[in-house]
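Please consider the following protein model from its overall fold down to its individual side-chain pairs. The sequence and the coordinates are shown first.

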Amino acid sequence: MAPALRTTPSPATSLPARRRPRAALLAALASVALAATSLVATAAPSQAAGTSCTGSTVHGAAVQDGSTWRAYRGSTQLYAGGDMLTAINTAIGGLDAGRTSKQRVVVNGSGTMSANARITLPSYTTLESCGTIHVTGTGSGNVAGVYMRGATDIEVARLHLTGTPVYGIFARNVDNLRLREIDMRLSGGGIGVRIDNLGDTSRYARNITIDSAYVSGAGSHAVETYGVDGLTVGTVTARSVGSRGCC
């Protein structure tokens with residue numbers, strides 16, 4: 001009588017039946033965990049690409065990335081190019097239209113702009129610059145590093161400005177304006193801050209607050225006001241200016 005053949009089970013079939021479902025379950029769980037990790041890693045950021053230097057919420061940003069400036073609305077890129085001023089004004093223009101409360105644009109980086117150009121702030125806007133804005137060349141008329149006219153509820157939360165602006169900040173017929181950390185080291189004359197009502201002298205510019213301002217090298221006033229009703233001033237420091245320190 002021929003001897004019975006003996007076979008060795010393969011590793012796959014040698015697992016007890018009750019262990020095979022457990023091994024399959026562990027493999028499935030590992031696959032789900034990897035998929036979840038991938039989703040987290042690729043999720044779009046919910047915050048603005050710019051980072052506030054004062055710890056405030058950011059709605060738009062102009063960010064320096066090497067030689068490229070990028071403008072963002074939240075995490076959506078609106079502009080990429082070589083011009084800081086275009087990036088800043090694009091970020092401001094990307095804020096909510098028709099807003100009735102302030103939204104903040106932050107500038108992360110340092111760059112140059114022409115003395116014959118402007119950063120223009122409309123109503124319900126806060127500007128915060130975490131670097132230095134350097135103004136070059138010459139300008140004429142009511143051009144300014146930061147310009148606003150016929151608007152309300154504007155705040156310049158932080159601004160370091162150097163160079164040769166006609167005006168560092170120019171505000172005409174603006175209500176509810178607050179200037180906080182203003183630092184101007186000018187080298188070509190001009191006026192540091194000008195606030196007036198000369199666009200419509202039938203009414204005053206109202207509720208102006210200057211928390212702190214340092215201005216050096218202005219050819220005329222460090223801070224000049226005209227036609228203002230309701231002016232609150234914290235500290236104004238003027239160094240080597242051609243006329244009055246304030247106000």
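The paragraphs below proceed from the overall architecture to a sheet, a loop residue, the salt bridges and the disulfides.

This is a predicted model, in which local features require pLDDT of at least 70 and side-chain atom pairs count only at pLDDT 80 or more, whereas totals for chains, interfaces and linings use all residues. Residues are numbered from 1 along each chain as its sequence is written, and side-chain values use heavy atoms, with hydrogens and water left out.

The protein contains 3 helices and 16 strands; these are DSSP runs numbered from the N terminus, helices being H or I with at least four residues and strands E with at least two. Of its 247 residues, 39% are buried, where buried means under 20% relative accessible area, exposed means over 50%, and partly exposed lies in between (1.4 Å probe, protein chains only). Among contacts (heavy atoms within 4.5 Å) with a separation of 6 or more, 57% are between residues 24 or more positions apart.

An open sheet of 5 strands has the order β6-β9-β11-β13-β15, with parallel pairing; two strands pair if DSSP finds at least two bridges between them. Its edge strands, β6 (119–120) and β15 (223–225), each pair on one side only. Strand β6 is joined to β9 (residues 144–149) by 2 bridges, and isoleucine 119 has valine 146 in β9 as its bridge partner.

The loop between β11 (167–172) and β12 (175–186) holds asparagine 173. This residue is buried because its relative accessible area is 8%. Beyond neighbours within four places in sequence, the residues in contact with asparagine 173 include Gly150, Asp196 and Arg203.

There are 13 salt bridges, each defined by a side-chain nitrogen of Lys or Arg within 4 Å of a carboxyl oxygen of Asp or Glu. Arginine 172 pairs with aspartate 196, their closest N and O atoms being 2.6 Å apart. This pair links distant parts of the chain, from strand β11 to strand β13 (residues 191–196), 24 residues apart. Arginine 172 is buried at 10% relative accessibility, and aspartate 196 is buried at 0%. Both belong to a network of salt bridges that links Arg172, Arg194, Asp196 and Glu224.

A further salt bridge joins glutamate 155 to arginine 180 (3.0 Å, N to O). Glutamate 155 is buried, with a relative accessible area of 7%, whereas arginine 180 is partly exposed at 31%.

The structure holds 2 disulfides, identified as pairs of cysteine sulfur atoms within 2.5 Å. One joins cysteine 53 to cysteine 130, with an S to S distance of 2.3 Å. The torsion about their S-S bond is about -90°, so this disulfide is left-handed. The other joins cysteine 246 to cysteine 247, with an S to S distance of 1.2 Å.
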